[in-house]
Amino acid sequence: MRSLGVPLLLLLLWRRAAWAESSHSIPVPQNLTIESYNCQNKLRWSPVNTVNSSVSYTVESSLKGLEHWEEVVNCTNITKPECDFEEVKFYIINLRVRAQQGELKSNWTMTPPFQVEGNTTLGPPKNINISARANSLFISFEQPFKEPSLFFEYIIYYWDNSSKTNHTLETTHTEVTLKNLKQRTVYCLQIKAVFASNFKGQLSAPYCKETAVTDATRILYVTLIFGFVVFILFAVFLCLMAVRKYQDAIKSLWRPPLAIPFHFEEDLQNSQIVFAEFKNSAGEEHWDTLSVISNAEES
């Protein structure tokens, strides 16, 4: 019995110590997530709710495979359940978070392994500008974010807005000229950045621009316009000369025929009838008998 009493007593004491330690701890942070956009990293977690005072948090990081943990800068004894951290490029890291309230501390909660090159969301290129040139478009843009140690490639998708025929151009430069395009045609394009040959970023918004004409086409347009103006002036001159030469004929053609009103025409017809009757009556001769008595007969 004595041999069993000592181990049983030790077990009871260990359980009591564990219960006392657990009664003086706080919950661990939950729902740890890492958001990374253009290598700007943020660790978030659900806030720990307690009855008494507010809770603070501490974040530590370590390279994968090592057990040497270091506090993350500006993420020690913070009150907000989030932490902005800088990545160690080309390395895989682990993060862990602990809550603290006064002397009480929670256990650590770890995140899955994180590597910026494979987990960050790469945004589209910035400040895209397009200039129209003869049969071409000149494109300039900036990389998604300033990082001298990263080498970006770019894929440009462009198409004729009327035919929707897609073309692709891969380049490492931020200034590109799309050549052999149609004149006076609207082209649209989208650009995305590529990192490490297999990590592709987001597409930019569509940008559209109409191409310009070549110098030869511009000269042809000017010549045609000048010739058309000369032709119009010459035609006007010929018309003026014809009007001056055939003025009477043109007036006779353009002068409308005189028309007598209907009621006047009826009156004229009646007048002609009366005149005709008068003429017929005047045509018959009337003779009167005239006797001349002279003085000789009387004598």
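## Aromatic pairs

Phe141 and Tyr154 are both buried (under 20% relative accessible area; exposed is over 50%, partly exposed in between; 1.4 Å probe, protein chains only). Their rings form an edge-to-face pair, with 5.0 Å between centres and 70 degrees between planes. Rings of Phe, Tyr and Trp (its six-membered ring) pair if their centres lie within 6.5 Å; planes under 30 degrees apart are stacked, over 60 edge-to-face, the rest tilted. Phe141 is in strand β10 (residues 136-142) and Tyr154 in strand β11 (residues 152-160), 13 residues apart. Strands (E, at least two residues) and helices (H or I, at least four) are DSSP runs numbered from the N terminus.

The whole structure has 4 aromatic pairs. Another of them joins Phe85 and Phe114: the centres are 5.8 Å apart and the planes at 80 degrees, so this pair is edge-to-face. Phe85 sits in strand β5, Phe114 in the loop between β8 (109-110) and α2 (116-119); the two are 29 residues apart in sequence. Both Phe85 and Phe114 are buried.

## Model and conventions

This is a predicted model: local features need pLDDT of at least 70, side-chain atom pairs count only at pLDDT 80 or more, and totals for chains, interfaces and linings use all residues. Residues are numbered from 1 along each chain as its sequence is written, and side-chain values use heavy atoms, leaving out hydrogens and water.

## Salt bridges

The structure holds 8 salt bridges (a side-chain nitrogen of Lys or Arg within 4 Å of a carboxyl oxygen of Asp or Glu). One joins Glu60 and Arg96, with the closest N and O atoms 2.7 Å apart. Glu60 is in strand β3 (residues 56-63) and Arg96 in strand β6 (residues 93-101), so the pair ties together parts 36 residues apart in sequence. Both residues are buried.

Glu82 and Lys42 also meet, at 3.8 Å from N to O. Glu82 belongs to strand β5 (residues 82-85), Lys42 to strand β2 (residues 40-46), 40 residues apart. Glu82 is partly exposed at 22%; Lys42 is buried at 18%. Arg184 bridges to Glu210 at 3.3 Å. Arg184 lies in the loop between β13 (175-178) and β14 (186-195), Glu210 in strand β16 (residues 207-210). Arg184 is exposed at 53%, Glu210 partly exposed at 37%. Shared partners join Glu35, Lys42, Arg44, Lys80, Glu82 and Asp84 into one salt-bridge network.

## Charges over rings

Arg96 also lies over the face of Trp69, 4.2 Å from the ring centre. The charged end of Arg133 sits over the ring of Phe138, 4.5 Å from its centre. Such a contact needs NZ of Lys or CZ of Arg within 6 Å of the ring centre and within 35 degrees of the ring normal.
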